Each structure stands twice: as C-alpha cells, then as structure tokens.
Amino acid sequence: MTGPSVVLNPTTHAVRGDLADVRLAEYVFAPHYAAPMVCVANRVAPLRAQRVGGEILAELTIAEQFEVLELAGANAWGIAPERGLVGYVERTALDQVASAAA
C-alpha cells in the first residue's frame, strides 16, 4: 500500500478501527484483515448498526447471503452483499455455506 489510507463509509464498507475486509487492503490500513466466510440466513434476522440494540439497517431474508468477517459472542459482523450494507447479525441466524473445495 502506498500513500495514506482513504476514508470509507463503515455502513457500506467493511472497515472498523481494528478490522477490515481483506478485499479493502489496498485502500485502507487496519491492524487486522479478515477474509469473508460465506453464510446464509436461516431465518429472518435484523442487520444492526451496532452489536447490541443498534439501529436496524435492514432485515435479512431466509437464504440471503451474509459474508462474516468476525464472530464475537452472540454476534457476527460482516456485509450483506446483495444490499451493500455492513453490520451485525445474531450468529444463530446464520448457517455457513459449504466450501466448493471440500
């Protein structure tokens, strides 16, 4: 990476002060990067701006894809690619998609 980091919108780009989506590495510096783990919603679930009690940005529908970048406690942080929104979802509302390489 050359030059300063760019400022990205954390509602639409998976970047926080401590962690960023590895796909953003050429645009922003973060202490840690994570590769997405593809999951799908197993029930209708709110996508929230914060871990607990945050504003509901959207509701994931059953079988909607969610790319998890961090699992912490009862929540998963990542991006809903079909909506272009980043936020937190209850981890019990997600099922991991089987890898094609297995």
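Is alanine 63 buried or exposed? I will start there and then go through the rest of the chain. Keep in mind that this is a predicted model.

Alanine 63 is exposed, because its relative accessible area is 55% and the cut-off for exposed is over 50%. You will find alanine 63 in the loop that joins β5 and β6. Its backbone is worth a look too: phi is positive, about 75°, although alanine 63 is not a glycine.

Now the overall layout. The protein chain has nine strands and zero helices, so to read the elements from the N terminus is to read β nine times over, β-β-β-β-β-β-β-β-β. With a radius of gyration of 14 Å, close to the 13 Å that the globule rule gives for 102 residues, the chain is as compact as a globular protein of that length. The C-alpha trace spans about 45 × 35 × 25 Å along its principal axes.

A few totals. Of the 102 residues, 36% count as buried. The accessible surface is about 5,800 Å², and carbon and sulfur atoms account for 56% of that. Among contacts with a separation of 6 or more, 43% join residues 24 or more positions apart. As for charge, there are 7 positive and 11 negative charges in the protein chain, and their mean positions lie 5 Å apart.

Next, the inside. In soluble globular proteins, nonpolar side chains tend to be buried together. In this model the largest nonpolar core has 14 residues, and the ones with the most contacts inside it are Leu47, Leu60, Phe66, Val68, Val89 and Leu94. Two or more residues of this core come from each of β3 (37-41), β4, β5, β6 (65-72), β7 (75-80) and β8 (85-90). There is also a second, separate core of eight residues, with Trp77, Ile79, Val86 and Tyr88 among them.

Beyond four places in sequence, valine 89 touches Ala45, Pro46, Leu47, Leu60, Phe66, Ala74, Asn75, Ala76 and Leu94.

Which strand holds cysteine 39? The strand is β3. Cysteine 39 is buried, because its relative accessible area is 3% and the cut-off for buried is under 20%. Cysteine 39 and leucine 94 are 55 residues apart in sequence, yet their C-alpha atoms are 6.0 Å apart in space. Leu94 is also one of the residues that cysteine 39 touches, along with Glu64, Gln65, Phe66, Val68, Asp95, Gln96 and Val97, leaving out residues up to four places away in sequence.

Two loop residues remain. Arginine 43 sits between β3 and β4 and is partly exposed, at a relative accessible area of 30%. Setting aside neighbours within four places in sequence, the contacts of arginine 43 are Leu60, Thr61, Ile62, Glu90, Thr92 and Ala93. Glutamate 59 is 16 residues from arginine 43 in sequence and 9.9 Å from it in space, C-alpha to C-alpha.

Glutamine 50 is in the loop between β4 (45-48) and β5 (56-60). From glutamine 50 to proline 36 is 14 residues in sequence and 19 Å in space, C-alpha to C-alpha.

That is the tour.

How values were computed. Residues numbered from 1 in each chain as written. Predicted model: local features only at pLDDT ≥ 70, side-chain atom pairs only at ≥ 80, totals over all residues. Heavy atoms only, no water. Helix = DSSP H or I, 4+ residues; strand = E, 2+ residues; numbered from the N terminus. Rg over C-alpha atoms; globule rule 2.2 N^0.38 Å. Buried < 20%, exposed > 50% of the residue type's maximum accessible area, 1.4 Å probe, protein only. Contact = heavy atoms within 4.5 Å. Areas by Shrake-Rupley, 256 points an atom, 1.4 Å probe, with all protein chains shown as cover. Lys, Arg positive; Asp, Glu negative; His and termini not counted. Charge placed at Lys NZ, Arg CZ, Asp CG, Glu CD. Core = buried A, V, L, I, M, F, W, Y, C linked by side-chain atoms within 4.5 Å.
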